[in-house]
Amino acid sequence: VFSINKRLSKGINHGEITKHIVIRSILLFFFGVILHCGYANKLVWELWNVLTQLAFTILISYAIFNLRIRYQFIFSILLLILTEILYRYTNIQGFNEPFVIGKNFGSWMDLVLMNKINDGGWVVINFLPTSAHTIWGVIAGKILFSKRDNFEKFKIIALAGIVGIIVGYGLDWFGITPIIKRICTSSFVIVSGGWSVFTLAIFYYLVDLKGFKKGLTIFVVVGMNPIFIYMFSQTLGQFWFNGFVNIFVGGFLQYLSISPEISNIINSIVVFSLELYICYWLYKKKIFFKI
């Protein structure tokens with residue numbers, strides 16, 4: 001929402017914006033596939049990465065961007081209902097157990113699209129229910145850009161988050177739909193979306209309404225380079241940086257007779273801090289990786 005409104009304010013027409021969105025989605029998809037090749041250390045056709053998911057959720061959300069908020073919300077709920085129907089009622093032999101790893105509709109679709117099933121239970125069609133997340137982000141952005149009173153904006157977003165948290169956990173607690181991240185069940189989408197929206201409301205209240213900004217630079221510097229730090233952590237970080245840091249951190253802690261478990265935790269904190277510093281350095285140098 002912020003990006004599109006900024007482009008419109010500069011006089012960029014809708015055709016150019018659509019072109020940018022499509023190219024951005026293609027690049028996200030491409031980067032996602034590349035990451036899977038890196039994980040496997042060979043050329044593979046796998047689409048479980050979060051970047052490939054975003055490529056689709058952005059397109060879906062942009063397709064209904066100009067609808068009124070109520071219709072966008074209804075559309076997002078219909079996506080969740082459609083997901084429930086596909087998992088519960090398609091009754092494909094061998095894939096008719098909605099919440100069992102490798103035996104659900106999502107796994108069957110993976111066989112159709114990639115001729116393989118993810119050992120961890122992740123499925124490609126997660127982009128369908130999680131499009132609701134991106135749509136709710138659009139709705140939240142539209143509310144923030146609206147002419148409503150600022151405190152009213154906070155109340156609307158906070159209440160939406162609380163309702164999402166209650167409904168999401170409720171679906172799980174009452175045995176209707178379990179919260180399962182790896183197949184993005186409707187309960188998971190609702191509760192995680194609820195927490196995200198509620199967190200947005202809290203930060204909006206603290207930063208925009210109360211002017212509290214001290215110590216929050218960390219969120220700014222990471223938020224300005226999200227694609228970069230994600231790609232870095234999944235490539236150089238995973239295959240070199242983390243282990244390289246551990247040579248020194250782990251080696252030093254070994255002399256102090258620190259247990260491997262505690263050593264791993266400390267190493268993770270050091271790696272995390274160094275990656276934050278990389279983002280901070282890029283921010284100070286005004287280097288931003290955009291697509």
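1. Searching the whole structure turns up two salt bridges. Please keep in mind that this is a predicted model.

2. One of the salt bridges joins E46 and K116, with 3.3 Å between the closest N and O atoms. This pair ties together distant parts of the chain, 70 residues apart: E46 sits in the loop between helix 2 (14–40) and helix 3 (50–63), and K116 in the loop between helix 5 and helix 6 (127–145). E46 counts as buried because its relative accessible area is 14%, under the 20% cut-off. K116 is partly exposed, at 26% relative accessibility.

3. E84 and R88 also meet through their side chains in a salt bridge, at 2.5 Å from N to O. Both residues belong to helix 4, four residues apart, or about one turn of the helix. Residues three or four places apart in an α-helix point the same way, because there are 3.6 residues a turn. E84 is buried at 18% relative accessibility, while R88 is partly exposed at 27%.

4. At the start of helix 5, a side-chain oxygen of N104 comes within 3.1 Å of the backbone nitrogen of G106. After helix 5 comes N115, with a positive phi near 60 degrees.

Technical notes:
Residues are numbered from 1 along each chain as its sequence is written. This is a predicted model: local features need pLDDT of at least 70, side-chain atom pairs count only at pLDDT 80 or more; totals for chains, interfaces and linings use all residues. Side-chain values use heavy atoms; hydrogens and water are left out. A polar contact is a pair of N or O atoms within 3.5 Å; within protein, one must be able to donate a hydrogen and the other to accept it, and residues adjacent in sequence count only if both atoms are side-chain atoms. Helices (H or I, at least four residues) and strands (E, at least two) are DSSP runs, numbered from the N terminus. A salt bridge is a side-chain nitrogen of Lys or Arg within 4 Å of a carboxyl oxygen of Asp or Glu. Buried means under 20% relative accessible area, exposed over 50%, partly exposed in between (1.4 Å probe, protein chains only).
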